[in-house]
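Hi,

Here is the structure I promised to pass on.

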Amino acid sequence: MAFIDWSNSLSVDIKELDDQHKKLIELINQLNDAMKVGKGKDVIGKVLGSLIAYTKSHFATEERLMQTHSYPSYIIHKKAHDDLTKQALDLQKKFEAGNIAITVEVMGFLKDWLSKHIMSTDKQYSPFLKGKGVI
Ligand code: FEO
């Protein structure tokens, strides 16, 4: 069983963004697998780097869509993205400096981080963007 399973409760009902969220979940699952089987720092570091790079590109996609359609809560959503990106980069920096290991606790943090953001912040744009014809 995967660490996080995709379910319809995570859907924002916009295909491109659901597909990106699925990819993020896949990367978190890969990171969890690498941590569980005790992969080396280089492998874990690579997966963590991919997760962060994909997160940034996903956030940029959402921000572009929100700006294009003048989403009223854009600033609040962008701030949440900036805060999450900063947290992820801090985690990566600590990991690379050897001050943190990717543990069950860190994975729990990443799981919450992703699912809470999708459930509480992303879902809010769904009716607005769909109303603008984004599918
Ligand atoms: Fe799907 Fe706002 O990140």
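D13 is partly exposed, at a relative accessible area of 46% (buried is under 20% relative accessible area, exposed is over 50%, and partly exposed is in between, with a 1.4 Å probe and protein chains only). D13 lies in the segment before α1 (15-36), and its phi is near 65°, a positive value in a residue other than glycine. Most residues other than glycine have a negative phi. S70 also has a positive phi without being a glycine, at about 50°. You'll find S70 in the loop between α2 and α3 (74-97), and with a relative accessible area of 57% it is exposed.

Before going on, some housekeeping. This is a predicted model, where local features need pLDDT of at least 70 and side-chain atom pairs count only at pLDDT 80 or more, while totals for chains, interfaces and linings use all residues. Residues are numbered from 1 along each chain as its sequence is written, and side-chain values use heavy atoms, with hydrogens and water left out.

On confidence, the protein chain has a mean pLDDT (the predictor's confidence in each residue, from 0 to 100) of 95, and 100% of its residues reach 70 or more. Helix α2 (residues 41-68) has the highest confidence, at 97, and helix α4 (residues 104-131) the lowest, at a mean of 95. Helices here are DSSP runs of H or I with at least four residues, numbered from the N terminus.

As for α1, its 22 residues reach 31 Å from first C-alpha to last, close to the 32 Å expected at 1.5 Å a residue (the expected span is 1.5 Å times one less than the number of residues). After α1 comes G38, with a positive phi near 70°.

Now the inside. L110 touches I28, L31, L51 and L91, not counting residues up to four places away in sequence.

Which residues does H81 contact beyond its neighbours within four places in sequence? They are F59, E62, E63, M66, H117 and D122, with contact meaning heavy atoms within 4.5 Å. H81 itself is in helix α3 and is buried, with a relative accessible area of 0%. E63 counts as buried, at 11% relative accessibility.

There is 1 aromatic pair by the rule used (ring centres of Phe, Tyr and Trp, taking the six-membered ring of Trp, within 6.5 Å; planes under 30 degrees apart are stacked, over 60 edge-to-face and the rest tilted). Y71 and F128 make up this tilted pair, 5.3 Å centre to centre with 50° between the planes. The pair links distant parts of the chain, 57 residues apart: Y71 is in the loop between α2 and α3, and F128 in helix α4. Y71 counts as buried at 8% relative accessibility, whereas F128 is partly exposed at 24%.

K41 sits over F95, 5.6 Å from the ring centre, and K111 over F3, 4.7 Å from the ring centre.

Cheers

How values were computed. Helices (H or I, at least four residues) and strands (E, at least two) are DSSP runs, numbered from the N terminus. A charge sits over a ring if NZ of Lys or CZ of Arg is within 6 Å of the ring centre and within 35 degrees of the ring normal.
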